[in-house]
Amino acid sequence: MFHPKCRHCQSQKTIKHGGKRWLCKRCHRTFALRRKDIRDRAAIDGYTKDRSTYERLGVRWKVHRSTAYRRVQRALKRKQPLLERTKKNLHLCDGVLALDGKHLRIHGKLWTLFVAWDRGFKKPVHYILQKGGEGDVPYWRLLVDLKRLGYVPKGFVSDGILSLKELLSEMYPSLRHQRCTVHVFLGARAKVATGRKTSERAKDFVELLRLILWSRTLAEAKRRAQKLWSVRSLTRSERRAIEYIWPTLPQCFVCREKKFRHLHLPRSSNAIENVIGQIEARLKTRRGIKSDASIDLLANELLLQVTEQTITHN
């Protein structure tokens with residue numbers, strides 16, 4: 001006959017005590033068996049991957065929707081925090097950190113998800129989800145938490161937000177900051193190719209901007225930009241696009257400097273944009289999120305489920 005060990009004294013002298021509880025003859029205390037993780041995984045997968053509502057999960061499990069809600073929340077609370085996983089895998093990190101923030105609309109309110117991504121680990125290493133827009137305080141908390149773990153950064157890649165640039169120059173003045181070339185290109189393209197339909201002239205000009213930003217060296221990019229600027233037939237929007245990318249060129253070509261060439265800094269953080277977009281699709285739903293704590297638990301689980309994403313340096 002099956003006799004489980006007592007949860008309090010580890011004795012196997014136990015007998016049934018009611019429907020779901022057991023009585024220990026040694027310490028005379030009762031206990032219930034803990035459910036296996038299979039049930040937790042089913043609850044999390046049904047809520048995060050299938051994007052099912054609690055009403056639908058309750059029908060599937062033949063319980064009330066409030067019971068389905070408690071089951072999912074218990075399963076999410078048992079999952080390890082993302083920072084704890086990072087602590088166990090510090091040996092896999094190479095120090096090249098990609099930082100990004102994403103604005104979300106949850107229950108009609110503005111939230112921002114701040115994510116730190118290590119290139120060597122190929123997964124997110126830390127995150128902060130808070131109400132409001134972007135600022136330097138959440139990024140500061142990200143870097144301080146990673147520093148307490150023993151994480152040593154060697155270089156940074158971001159979309160070039162001003163508050164983050166100032167923060168990195170204060171905390172790590174000796175490390176260089178690579179600006180995402182894709183973000184710069186998209187910003188310049190938006191000044192020329194506006195609307196759904198794009199003229200042939202705008203398409204040709206956008207290709208010239210692409211050649212400038214993806215030049216082999218900074219000197220070559222500046223030479224191409226100056227040559228394009230000297231064309232007299234340029235429109236105002238085209239000149240605004242060149243004026244937009246000109247001051248960002250040194251930041252876009254940090255990876256080409258001899259001093260930091262050995263780090264192979266990626267030229268773009270666009271690989272993690274797709275992942276954050278998938279997280280946004282689940283977080284912005286109005287169904288099933290009851291409190292701020294449940295939003296944070298859901299974000300932690302979604303980032304834990306992210307598969308490896310390779311960030312190249314081309």
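Glu220 is buried, at 9% relative accessible area (buried is under 20%, exposed over 50%, partly exposed in between, with a 1.4 Å probe and protein chains only). This is a predicted model, where local features need pLDDT of at least 70 and side-chain atom pairs count only at pLDDT 80 or more, while totals for chains, interfaces and linings use all residues. Residues are numbered from 1 along each chain as its sequence is written, and side-chain values use heavy atoms, leaving out hydrogens and water.

**Salt bridges**
- There are eight salt bridges here (a Lys or Arg side-chain nitrogen within 4 Å of an Asp or Glu carboxyl oxygen).
- Glu220 pairs with Arg216 at 3.4 Å, N to O, and Arg216 is exposed at 65%.
- Shared partners join Arg216, Glu220 and Arg224 into one network.
- Asp94 and Arg119 meet at 2.9 Å, N to O.
- Arg119 is buried at 18%, whereas Asp94 is partly exposed at 23%.

**Nonpolar cores**
- The largest nonpolar core has 32 residues, and Leu57, Val72, Leu113, Trp117, Tyr127 and Leu129 touch the most other members (a core joins buried Ala, Val, Leu, Ile, Met, Phe, Trp, Tyr and Cys through side-chain atoms within 4.5 Å).
- α13 gives this core its largest share, six residues.
- Another core, of 20 residues, lies apart from it and includes Val184 and Phe205.

Terms used. Helix = DSSP H or I, 4+ residues; strand = E, 2+ residues; numbered from the N terminus.
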